Amino acid sequence: MGQLVLGNVPRVVGTVSTTAMLRRVMSRLHLPCDILEARMDSPEADPEIWLPLCRRLGQKGYPVLLTLRALDEGGGWRGTDEAREALYRKALPYVAAVDVEIQSGLLPAVARAARREGRLVIGSFHDFEDTPSAGPLRRLMNRGYAAGAHLVKIATMIRRLRDVAELFDVLRDEQERPLCLIGMGPLGRHSRTSLACAGSMLTYGYLDRPAAPGQLSCRELVRRLGEDLPGFERRA
């Protein structure tokens with residue numbers, strides 16, 4: 001993703017939802033994350049302000065992942081799919097990666113455009129009610145990769161301990177393809193580090209405000225990973 005290599009250690013993604021925080025991180029020498037997720041589905045996000053800042057952050061060594069999350073998967077995008085696709089395309093020169101929902105009809109077209117520009121594509125799925133069993137999750141993953149995603153991200157609500165076991169089963173069986181698995185909600189908080197320690201490539205924390213139930217701050221996430229994963233590079 002940009003100049004950042006994925007796969008050797010879990011990478012921490014720091015979500016940014018406000019213009020104030022996006023401006024603030026520009027002035028910091030070090031951030032407690034490896035990747036910035038620009039949540040441009042935020043109501044206050046102005047592409048004319050955000051996109052140049054995203055480019056400058058990439059030049060500072062922090063690749064930016066653009067997310068325009070649809071309402072039905074917990075996001076704030078209220079425009080049309082046509083407008084969303086146009087903004088993805090407009091943003092490609094400014095960012096290192098894009099996130100598009102696997103169940104969205106936009107993924108194949110956006111993935112083709114992003115690949116032509118050398119950008120990484122994340123195909124994502126979010127279930128804020130429950131955790132599907134491993135079989136349906138694997139079918140979703142296959143659909144995402146087939147649509148052009150380089151990496152698939154699956155985030156599900158953890159209602160019971162066996163939900164975490166389902167995610168670990170999927171991770172164990174998917175050693176060859178890039179994958180990010182996240183458990184949401186109070187019972188899923190520990191899985192944000194335990195899945196990362198077990199091979200999930202990305203884990204998400206927030207820099208200004210939580211973007212999902214049970215999400216930890218980036219600083220807390222880095223602290224826990226530093227305790228749980230030998231050799232993990234601490235960031236301050």
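The largest cavity in this predicted model holds about 150 Å³ of space, a cavity being a set of points on a 1 Å grid over the protein atoms alone where a 1.4 Å probe fits but cannot get out. Its volume is the space filled by probe spheres set on those points, with points joined across faces, edges and corners. Lining this cavity are 18 residues, with Arg39, His126, Lys153, Ala211 and Ala212 closest to the centre. Strands β2 (35-39), β6 (151-157) and β7 (179-184) each give two or more residues to the lining; strands here are DSSP runs of E, at least two residues long, and helices are runs of H or I, at least four, numbered from the N terminus. By class, the cavity lining splits into seven nonpolar, five polar and six charged residues, with Ala, Val, Leu, Ile, Met, Phe, Trp, Tyr, Cys and Pro taken as nonpolar, Asp, Glu, Lys and Arg as charged, and the others, Gly among them, as polar.

Then there are the pockets, open sets of points with protein on both sides within 12 Å along at least five of seven lines; lining residues have an atom within 4 Å of a point. The largest pocket comes in at about 230 Å³, and Gly7, Ala198, Gly199, Ser200 and Met201 are the closest to its centre among 18 lining residues. That lining has 10 nonpolar, five polar and three charged residues.

Of its 15 lining residues, Gly2, Gln3, Gly58, Pro63 and Ala96 sit nearest the centre, and helix α2 (residues 47-59) supplies the largest share, three residues.

Residues are numbered from 1 along each chain as its sequence is written. Totals for linings use all residues of the predicted model, while local features need pLDDT of at least 70.

Notes:
This is a predicted model: local features need pLDDT of at least 70, side-chain atom pairs count only at pLDDT 80 or more; totals for chains, interfaces and linings use all residues. Side-chain values use heavy atoms; hydrogens and water are left out.
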